[in-house]
Every structure is written in C-alpha cells, then in structure tokens.
Amino acid sequence: MKNFLLVISILAIIPASLYAQQQPTLKDTTLYKAFSTSHLQPVIIGANGRYYYGGQRLRNQYSLEIPFGELDDPEVNRYFKNARVIRTVGSVLSALPGIYFLISSRVAGQTITRQAFWISYVGGVAISLTSGYISSAQLRKAVKSYNSRLGAPKWGLSVETMPNNAIALGVGWRKSF
C-alpha cells in the first residue's frame, strides 16, 4: 500500500512540476475564451438606416463583415452571407433586361416594342427593390443576433500566469451593455 501511494504521488508531482516550469503564456490562452469578445462593440442602426459601430458611421453595409467575422458566430455569419448573396443576385437579375435589349437590338436588328420595354424596365426595378428590401431584412437580423450575442452573460474559467510565476485560477461572469 505504501508503494502504491508513493507511485501515485510521484505521478501527480511530476506533471505539476513540469507545468510550473513552463514559460508564461499570453492572456488569450485561457481555458475558456469567454471574455475574448470584450473589445467588440454593438452595432447601432440609426433612424436613417445607416449603421454605426463604435460611434463611427460605416460607409456601407459590407463594413459589418469585420466585427461579424471577429465574433465568428454561425448564425450571424449565415444572415450576413444571405444578405450579400440576395443583393448580388438581385443586381444581376435587374441588369439582365438591359443587357438583353442591347444585344437584341445590335445583333439581330430587331425592334423592341414599348410594352416589352416597359414591362422589363418595371420588372428590373421591382427585382432590385425587392432584393434590396430582403437583403436589408437579413442584415438587420444579423445585427440583432450580433448584438444579442455581445449582450449575453458570459461565464469564464481562466488560468493565468502571474508575474512571480504563480498560477491564478479564476471564474468570472460578465454581462455586457
């Protein structure tokens, strides 16, 4: 029994002493990175439909990709990707009638009736407006999800190395804005 306790204590002391001799680690190498998003700020949608991040007005909606990418939440990324795809598809579809008229009038020498022109013109504008509306709705969902993720309470378990090579263990809880 004495030998068994000796073997167990040696097996416990060796890893602990090896761990104690490690070089100090960076603060980002905690066991649970609950507070790693503390530098992110909420996105505010102004009354004019503009997006603001950190008090600065963003030039366009695609500037939101940086904070969304840093959060790296699958739901936020899915909404943002959907918004980009819908906007792109709407732009391409709304340009197709104009391209068709240019090609058909130059190559085949066909004349285009007024009715066909106005139907395709109004259809292109309707597609553009609809895709813009749906894209904005997806982007607003992404912003709402992003802000809710930032404001959610976070629990963290941390292992930090102190300046005197001691190890500090901690548990934290944080509620943002």
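Colleague: Which residues do ring pairs link into a cluster?

Modeller: The cluster is made of F68, F80 and Y146. Please keep in mind that this is a predicted model, in which local features need pLDDT of at least 70 and side-chain atom pairs count only at pLDDT 80 or more, while totals for chains, interfaces and linings use all residues. Residues are numbered from 1 along each chain as its sequence is written, and side-chain values use heavy atoms, with hydrogens and water left out.

Colleague: How many aromatic pairs does a search of the whole structure find, and why is the one between F68 and F80 called edge-to-face?

Modeller: The search finds five aromatic pairs. For F68 and F80, the ring centres are 5.5 Å apart and the planes stand at 80°. Rings of Phe, Tyr and Trp (its six-membered ring) pair if their centres lie within 6.5 Å, and planes under 30 degrees apart count as stacked, over 60 as edge-to-face and the rest as tilted. The distance therefore makes F68 and F80 a pair, and the angle makes that pair edge-to-face.

Colleague: What makes you say that this pair ties together parts of the chain?

Modeller: F68 lies in helix α2 (residues 65–71) and F80 in helix α3 (residues 74–108), so the pair joins parts that are 12 residues apart in sequence. The helices are DSSP runs (H or I, at least four residues; strands are E, at least two), numbered from the N terminus.

Colleague: How do you know whether F68 is buried or exposed, and what of F80?

Modeller: Buried means under 20% relative accessible area, exposed over 50%, and partly exposed in between (1.4 Å probe, protein chains only). F68 has 1%, so F68 is buried, and F80 has 7%, so F80 counts as buried too.

Colleague: Why is the pair of F68 and Y146 called tilted?

Modeller: Their ring centres are 5.2 Å apart and their planes meet at 55°, so by the angle rule the pair is tilted. Y146 lies in helix α4 (residues 114–151), so this pair ties α2 to a part that is 78 residues apart in sequence. Y146 is buried, as is F68.

Colleague: What makes R84 and E65 a salt bridge?

Modeller: A salt bridge here is a side-chain nitrogen of Lys or Arg within 4 Å of a carboxyl oxygen of Asp or Glu. The N to O distance between R84 and E65 is 3.3 Å, so the pair meets the rule. R84 lies in helix α3 and E65 in helix α2, so the pair joins parts that are 19 residues apart in sequence. R84, at 34% relative accessibility, counts as partly exposed, and E65, at 41%, is partly exposed as well.

Colleague: How many salt bridges does this rule give, and which residues are linked in a network of them?

Modeller: The count comes to three salt bridges, and the network links D73, E75 and R149. D73 and R149 have their closest N and O atoms 3.3 Å apart. D73 sits in the loop between α2 and α3 and R149 in helix α4, so this pair ties together parts that are 76 residues apart in sequence.

Colleague: Why is L139 called buried, and which residues does L139 touch?

Modeller: L139 lies in helix α4 and has 0% relative accessibility, so L139 counts as buried. Taking contact as heavy atoms within 4.5 Å, and not counting residues up to four places away in sequence, L139 touches Y51, Q61, L64, F68, F80 and A83. The C-alpha atoms of L139 and L64 are separated by 9.3 Å, although these residues are 75 apart along the chain.
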